[in-house]
Amino acid sequence: MAMMRYYKIFSDPLVDEVVLEKFKLTTKEITLLGIYFLGLTGNQFRTVLPLPSSSKVITTEMVEIFLSHFAIKLEDAKDILINKRELNENIYYTQNPMYDKPLLIHDNTLICPLHLPLFKQITSGIYYSIVNEDKFKKNNRFGKSFE
């Protein structure tokens with residue numbers, strides 16, 4: 001239900017235009033790919049990359065674009081965790097790279113250890129990715145999609 005709600009909001013033509021500009025994928029494509037990766041990683045802990053596709057609905061190029069936005073190399077995630085950790089009163093406020101990029105790439109393998117951050121990135125996370133875009137801030141792009 002939540003996924004359909006976000007899909008309806010972000011697929012409004014004025015908002016979808018900003019999504020396409022930011023992600024190089026439409027809201028529909030992000031939603032389809034998100035469902036695909038939730039299902040794929042829910043059935044298999046590890047998936048061998050690359051993921052070739054002969055489908056017209058989900059192309060290999062779309063998969064690569066999606067991964068460029070929602071995946072991070074395991075080594076990079078480790079570096080970010082080490083560099084951003086704070087063992088003080090701010091420990092609860094440090095950012096975990098898994099929330100921004102919930103898919104991990106290790107060698108030629110794709111892993112999604114936590115599905116909730118992936119779900120959040122393909123739903124409410126889209127808003128946080130486009131909210132500061134000039135095109136989004138102008139002309140109240142969200143107004144009509146919420147009505």
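**Notebook: loops, helix pairs and cores**

I began with aspartate 107, which sits in the loop between strands S3 and S4. I took helices as DSSP runs of H or I with at least four residues and strands as runs of E with at least two, numbered from the N terminus. I noted that the model is predicted, that local features need pLDDT of at least 70, that side-chain atom pairs count only at pLDDT 80 or more, and that totals for chains, interfaces and linings use all residues. Residues are numbered from 1 along each chain as its sequence is written, and side-chain values use heavy atoms, with hydrogens and water left out.

**Backbone entries**

I looked up phi of aspartate 107 and found a value near 55°, positive in a residue other than glycine. Aspartate 107 counts as exposed, at 64% relative accessibility. My cut-offs were under 20% relative accessible area for buried, over 50% for exposed, and partly exposed in between, with a 1.4 Å probe and protein chains only.

I then turned to lysine 24, in the loop between H2 and H3. Its phi is near 65°, also positive in a residue other than glycine, and lysine 24 is exposed with a relative accessible area of 53%. I kept in mind that most residues other than glycine have a negative phi, and that most peptide bonds are trans.

Is the peptide bond from leucine 49 to proline 50 cis or trans? I found it cis, with omega near 0°. Proline 50 belongs to the loop between S1 and H4.

**Helix pairs**

Two packed helices are described by the angle between their axes and the distance between the axes. The axes are lines fitted to C-alpha atoms, for helices over the stretch in contact, and the angles run from 0 to 180 degrees between N-to-C directions. Angles under 35 degrees count as roughly parallel, over 145 as roughly antiparallel, 65 to 115 as roughly perpendicular, and the rest as oblique.

I started with H3 (residues 27-43) and H4 (residues 60-70), which pack at about 80° with their axes 11 Å apart. H3 and H4 are therefore roughly perpendicular. Contact here means heavy atoms within 4.5 Å. On the H3 side I listed Glu29, Ile30, Leu33, Gly34 and Phe37, and these meet Met62, Val63, Phe66, Leu67 and Phe70 of H4. The residues of this contact divide into 8 nonpolar, 1 polar and 1 charged.

For H3 and H7 I noted an angle of about 175° and axes 10 Å apart, so the two are roughly antiparallel. The H7 residues in this contact are His115, Leu118, Phe119 and Ile122. This contact has 7 nonpolar, 4 polar and no charged residues.

H1 and H3 cross at roughly 155°, and their axes come within 9 Å. They are therefore roughly antiparallel. Met3, Tyr7 and Phe10 of H1 meet Thr27, Lys28, Thr31, Ile35 and Leu38 of H3.

**Buried residues and cores**

In H1 I found Met3, Ile9 and Phe10 buried. Down the axis of H1 the buried residues fall within an arc of 130°, so they line one face of the helix; the arc is that of the directions from the helix axis to the C-beta atoms. Threonine 31 in H3 is buried too, at 11% relative accessible area. Beyond four places in sequence, threonine 31 contacts Met3 and Tyr7.

Which residues of the largest nonpolar core touch the most other members? They are Ile30, Phe37, Phe66 and Leu103, out of 32 residues. A nonpolar core is a set of buried Ala, Val, Leu, Ile, Met, Phe, Trp, Tyr and Cys residues joined through side-chain atoms within 4.5 Å. At least two residues each come from H1, H2, H3, H4, S3, H7 and H8, and H4 gives the most, with 6.

**Last entries**

Threonine 109 in S4 is buried at 10% relative accessibility. Phenylalanine 45, in the loop between H3 and S1, is exposed at 53%. Leaving aside neighbours within four places, phenylalanine 45 contacts Leu110, Ile111 and Cys112.

Key. Nonpolar A, V, L, I, M, F, W, Y, C, P; charged D, E, K, R; others polar.
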